[in-house]
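Student: I would like to go through this structure term by term and ask what each word rests on. Please show it first.

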Amino acid sequence: MKLQILSVQSCRRQILVLDEADRILDAGFKYEVDAIISQLPKHRQTLLFSATQTKSVKDLARLSLKDPEYISVHAESVTATPERLKQIAMEVPLDQKLSMLWSFIKSHLRSKILVFLSTCKQVKFVYETFKKLRPGIPLKCLHGRMKQIVRMAIYSQFCEETSVLFSTDVASRGLDFPAVDWVVQLDCPEDIPTYIHRVGRTARFASEGKSVLFLLPSELEMFRKLQAVEPKIPIQLRKANTQRMQSISGLLSSLLVKFPTLTEVAKGAFKTYLRSIKKQKDKEVFDLFKLPIDDFAASLGLPMTPKVRFIQQKTKKNTESEETTDSENNEDGSRPASYEKQQLESLEEAEDDVLFPKESSVEIEDNPAAVLPLKKPKKKKLKINVLRPIGTRIKYDDEGNIIPPLAALADAQHVDVLVRPDKVKERYEKLKEEMKQRDKEDKVLHRQRLREKRTKEKMKLKRWREEDEEDDVGFDMDETESGAPKKSKLYFNSDDDADEKSEDVRLKTDSVSIAEQEELALRLLNSMHS
Ligand SMILES: Nc1ncnc2c1ncn2[C@@H]1O[C@H](COP(=O)(O)OP(=O)(O)OP(=O)(O)O)[C@@H](O)[C@H]1O
């Protein structure tokens, strides 16, 4: 909830109206309210509205009220909450909350449900994960980190559509959603007025509605406080039916693996929830150190419990305190009552600078910049321990005797035992001979391969030429223009040796051809004479 001063030029205005006056008058808006009042005439009418009106003289004195009159619309009402509202509280362990909420939504698919959570990151986490798990009803989310125009769009959608809206306390006051069937308070409200405003989102005017408040075992004091309110809040404590509950921690784990960005959202939800508990003023209800933190992290699907500085500091301090001297303890060995308080106070003072934004905003908002410390954390310097003993590594030989490392260099007396130069020389010679022999063998092998290759090539060439000659003999009997017979074609000319051979082949072929021709001519002549 934020208050924005648009213009304070109102000296002629006669009436000041403050809706949700108890909230507007609390410390968070002091600067803005004082600025507005300073611009208004002293003689004016001041109207304050709220379902949980402040009667604090201190608050009212700030407004310079003269003879204030308290008017209650429900003065005759026996209950502080709407008459048609059915209210129940359920004890649910922290690690079962999400599974319980999931099961609740799955069994109320035709209801319009408004779910309240403590922080923006929790809203984001539940909205993103449940959306991916597809419960069978439209889901929406609303929180203080959203722009006003987006918030208005979500508001309109939720007014019109049967759906589930996950929200922070940004929707706990002043918003008039029609026909909300259920208000689910997944996280315990900070105080009784917040409870009344939250449940007031249903059963409005003449309509009916139901609300359920999830309480951790450590938060049951809130139930007793609600019962003690006057006029009464008719709320009943019921046992959760865990048999009908569908556990979703496994599904959430799978989602986090599939969508790694969700892991960061889950970590944010985890941390901001713990921070919100730590920040609560009512320590009778909210006790951070009673929470099953590891189980809570696992229930969000996180594989490991994220580190939370203020819890670690507390745990560390507890461990250290166990080692303190008896002088700090009472005679019976117990710790003085003030000790724990002191520890917590000093811890809170130290953490507040680092963990909480010093904003006037009432909603617990997860400003990452506010979480970061202003000073850069100093990098841990690497220290080299020069006094560390060196050379203590033990080596064993084949027989299991200990060989000190670098013994040959460090201790000349044992050099002979460890390294024998004559043997080394002998070994080198042997290796050298072997290398030479292998080299020789390699050369021979290489030459042999070359020879084989060349022979193969020659053979191939010879075969081609022979084939070519055969072709010439069969089909190329024409003479050239000069009368000489055509030369056989030479396709490959890569080798001198091959050239000579081809010449022989060609000459032979030519001579046979002429002889045949002569023989043919003689036969013709003989046949003519005969
Ligand atoms: N006399 C009336 N006749 C018909 N409808 C009414 C009447 N009074 C209130 N309503 C309806 O009841 C609903 C709640 O009214 P309104 O928002 O003014 O309540 P409110 O006290 O300001 O609530 P809150 O501050 O808790 O949000 C509205 O939808 C409004 O139209």
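Student: What covers the buried residues of H8?

Tutor: The cover includes strand S3 (85–91), H7, S8 and S9. Contact here means heavy atoms within 4.5 Å. Helices (H or I, at least four residues) and strands (E, at least two) are DSSP runs, numbered from the N terminus. The model is a predicted one, in which local features need pLDDT of at least 70 and side-chain atom pairs count only at pLDDT 80 or more, while totals for chains, interfaces and linings use all residues. Residues are numbered from 1 along each chain as its sequence is written, and side-chain values use heavy atoms, with hydrogens and water left out.

Student: Which residues of H8 are buried?

Tutor: Leu 220, Met 222, Phe 223 and Leu 226 are the buried residues of H8. Buried means under 20% relative accessible area, exposed means over 50%, and partly exposed is in between (1.4 Å probe, protein chains only).

Student: Why are these buried residues said to line one face of the helix?

Tutor: Seen down the axis of H8, they fall within an arc of 145°, so they line one face. The arc is that of the directions from the helix axis to the C-beta atoms. As background, an α-helix has 3.6 residues a turn, so residues three or four places apart point the same way.

Student: What makes the sheet open, and in what order do its strands run?

Tutor: Seven parallel-paired strands form the open sheet, in the order S5-S6-S4-S7-S8-S3-S9. S5 and S9 are at the edges with a single partner strand each, so one side of each has no neighbour in the sheet. From one strand to the next the twist averages 20°. Two strands pair if DSSP finds at least two bridges between them.

Student: How many bridges does S7 have with S8, and in which sense do they pair?

Tutor: Strand S7 (residues 182–185) pairs with S8 in the parallel sense over four bridges. Val 184 has Val 212 in S8 as its bridge partner, and Trp 182 stands opposite Lys 210 in S8. S7 also runs parallel to S4, to which four bridges join it, with Phe 116 opposite Gln 185 in S7.

Student: Which way do the side chains of S7 point, and are they buried or exposed?

Tutor: Trp 182 and Val 184 point one way, Val 183 and Gln 185 point the other way, and all are buried.

Student: Which strands does H7 touch, and what is its direction relative to S7?

Tutor: H7 packs on the sheet, touching S3, S4, S7, S8 and S9, and its direction makes about 150° with that of S7. Axes are lines fitted to C-alpha atoms, for helices over the stretch in contact, and angles run from 0 to 180 degrees between N-to-C directions. Helix H6 (residues 148–160) lies across strand S4 (113–116), S5 and strand S6 (164–167), at about 140° to S5.

Student: Why is Arg 134 called exposed?

Tutor: Its relative accessibility is 68%, and exposed is the word for values over that cut-off. Phe 205 is exposed too, with 83%.

Student: Why is Pro 231 called partly exposed?

Tutor: Pro 231 has a relative accessible area of 33%, so the word is partly exposed. Leaving aside neighbours within four places in sequence, Pro 231 is in contact with Ser 77, Val 78, Thr 79 and Ala 80.

Student: Which residues surround the ligand?

Tutor: They are Glu 20, Gly 174, Asp 176, Arg 201, Arg 204 and Phe 205; the rule is a heavy atom within 4 Å.
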